[in-house]
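Here is a short note to read beside the structure. Each numbered point takes up one topic.

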Amino acid sequence: MHATIQKEMDVILTYLQPDEKIYVVGCGNCAEKCKSGGPEETEEMAQRLEKKGVNVIGYSSTPSGVGLCSLPMCRKMMIEENLDENNAADSFLVLACGQGIHTVIDATDGGEVHPGCDTIFGGETEQPGIVKEYCSLCGECVTAYTAGLCPMTLCSKMLLNGPCGGAKDGKCEVDKEKDCGWHLIYVRLKDAGKLHLLEAYYDPKNFAKWSRPRSLVVKGTEATFKSLAGEHTVSRED
Amino acid sequence: MSSLKEKLNNGSFVLTGEIGPPKGTDIEKHLEKAELIKDKVVAVNVTDLQSAILRAGSLATCHLLQQRGIEPVYQLTCRDRNRLALQSDLLSAWILGIKNVLCLTGDHTSLGDHPEAKPVFDFDSVHLLKASSILNSGKDLTGHDLDGSPNFFQGAVVSPGADPIEPQIIKMKKKVAAGAKFFQTQAVFDVEQFGEFVNKVNGLQVPIIAGIVILKSAGMASYMNEKVAGINVPDGLIKEMKNTEKSDIKKKAVEIAARLTRQVKPFCQGVHLMTLGWEELIPDIIEQAEIS
């Protein structure tokens with residue numbers, strides 16, 4: 001999921017002009033799980049803005065479980081269900097991740113948007129309300145060699161060939177509360193009897209696969225990932 | 001040819017020193033520190049934005065040492081440069097006559113005085129060593145021919161006091177395979193632990209230069225124990241510092257550094273003295289350590 005956190009009201013207000021007609025848009029998937037922009041928080045934001053004197057002309061969120069970042073779903077909500085209000089709006093305050101913000105631009109044929117949240121990372125929901133980052137969306141997963149733990153994410157220095165000399169008591173040099181990613185990898189590999197994987201040399205990362213923006217096109221059983229590293233097509237048929 | 005390489009190859013016990021470039025442009029006093037030890041050490045390391053604190057560059061400082069007839073060890077970290085810049089700086093270093101390079105990961109940007117900087121880490125230290133080896137072979141990392149190539153004597157670092165030590169040793173082996181020709185260690189205070197470490201890595205057949213950091217106070221020792229990874233100053237040494245009068249502290253610092261040097265000597269091929277501004281004490285340390 002894309003973890004998001006709401007921006008402070010004082011910050012949001014700096015984006016809005018006096019008398020600007022605002023429509024608040026939320027996301028029923030990740031932003032709902034983060035309590036930053038689900039149906040409840042979207043309604044709440046509309047009320048909070050009104051109390052600050054903002055001209056809120058409407059609000060809506062994709063239903064619970066449905067991501068705003070699906071353009072067909074976003075379009076359905078913005079165009080089919082709330083067309084008049086959306087046409088009347090000067091701009092949209094989006095309570096979702098950056099993908100959701102862009103989906104609103106697409107769904108409204110280039111409408112003006114304001115971010116209501118900061119998109120902070122892609123994460124695992126360990127329990128409701130607790131989200132942690134285990135993947136950096138780098139474009140080429142190396143965890144086959146690292147016991148399922150991503151060194152690009154769990155190691156502060158994104159090292160690929162083992163720990164630096166900065167870890168103390170299994171904790172990282174940047175923060176003594178943070179586990180050293182390579183210590184975790186070492187322990188898991190050792191426990192699994194697979195320390196030989198740590199002994200192997202791993203080439204530098206291909207950062208062209210981490211170029212932005214990237215795209216994915218799925219057709220039938222084929223998927224094509226496009227980045228500055230080129231087009232990479234994989235078939236599900238063996 | 002690198003004198004450091006020559007001495008290590010012919011089995012001499014080597015001594016190296018270290019200076020840090022200035023925070024600013026007044027470099028003369030830093031060079032004078034190196035001048036003080038010029039005839040006592042085979043080479044002088046120049047740190048590369050140590051602790052991620054902005055300073056003048058290692059490369060320029062190494063060049064100035066070179067001009068004064070002092071052999072530098074160019075410390076190069078992966079924190080601030082991508083693979084293009086790392087290779088380019090290596091080529092530049094060789095053009096300037098620098099023969100030794102120490103390849104490090106680098107302290108994280110968040111620890112320094114520009115914590116909002118983008119940490120690069122395009123390479124890790126193993127990649128950097130490998131890149132240096134490839135440049136030495138006349139190619140760049142993507143296989144293109146070089147028009148003139150370096151022949152660096154490249155070293156790496158290891159932390160003998162790391163706990164657990166096994167992943168450090170695994171990485172050390174990878175560094176050797178990537179072309180590390182010598183190792184400098186994190187500061188050694190626990191000689192027994194250092195000896196055990198050396199026994200574990202003897203088979204690698206790569207010279208190890210033990211890091212000796214001068215103890216300036218008991219407080220510094222406690223601070224390092226608490227904050228610095230891989231450093232274990234035994235209580236006995238801390239007590240010794242505590243029981244020393246302020247006026248005798250430099251004398252005691254020399255005594256401890258010399259004693260540690262004597263104690264680690266049987267286990268290693270040299271000592272890297274990190275005197276943290278007290279470079280003037282190096283001649284006394286060497287004399288008391290009875291190393292010629």
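Is B:L276 buried, partly exposed or exposed? Its relative accessible area is 42%, so B:L276 is partly exposed. Keep in mind throughout that this is a predicted model.

1. Start with the backbone at B:L276. Its phi is near 50°, a positive value in a residue other than glycine. B:L276 sits in the chain B loop that runs between β8 (270-274) and α11 (282-288).

2. Now turn to B:F121. This residue is not a glycine either, yet its phi is positive, about 45°. B:F121 belongs to the loop between β4 (100-104) and α5 of chain B. Its relative accessible area is 1%, under the 20% cut-off, so B:F121 counts as buried.

3. Check two cis peptide bonds. In chain B, the bond from B:D163 to B:P164 is cis, with omega near 0°. B:P164 is in the loop between β5 (153-158) and α6 of chain B. In chain A, a cis bond links A:R212 to A:P213, with omega about 0°. The loop that holds A:P213 runs between α9 (196-199) and β10 (215-219) of chain A.

4. Look next at B:K175, in helix α6 (residues 166-177) of chain B. This lysine is buried but has no salt bridge. The nearest side chain of opposite charge is B:D124, 8.4 Å away. A salt bridge needs the atoms within 4 Å. Leaving aside residues up to four places away in sequence, B:K175 touches B:S125, B:V126, B:L129, B:A156, B:V157, B:A180 and B:F183.

5. How much area do chain B and chain A bury between them? The value is about 2400 Å², with 57% of it on carbon and sulfur atoms. On the chain B side, B:H127, B:I170 and B:K174 lose the most area to chain A. Together they make up 22% of what that side buries. Each chain brings 28 residues to the contact.

6. The rule finds one salt bridge between chain B and chain A. It also finds 17 residue pairs in polar contact, both residues at pLDDT 80 or more.

7. Finally, consider the side of chain B that touches chain A. Helices α5 (125-136), α6 and α8 (218-227) of chain B each supply at least two of its residues. The most come from α6(B), which gives six. By type, this side has eleven nonpolar, seven polar and ten charged residues.

Methods: Residues numbered from 1 in each chain as written. Chains lettered and ligands numbered in written order. Predicted model: local features only at pLDDT ≥ 70, side-chain atom pairs only at ≥ 80, totals over all residues. Heavy atoms only, no water. Helix = DSSP H or I, 4+ residues; strand = E, 2+ residues; numbered from the N terminus. Buried < 20%, exposed > 50% of the residue type's maximum accessible area, 1.4 Å probe, protein only. Lys, Arg positive; Asp, Glu negative; His and termini not counted. Contact = heavy atoms within 4.5 Å. Buried area = accessible area lost by both parts, 1.4 Å probe. Polar contact = N/O pair within 3.5 Å; in protein donor to acceptor, adjacent residues only side chain to side chain. Nonpolar A, V, L, I, M, F, W, Y, C, P; charged D, E, K, R; others polar.
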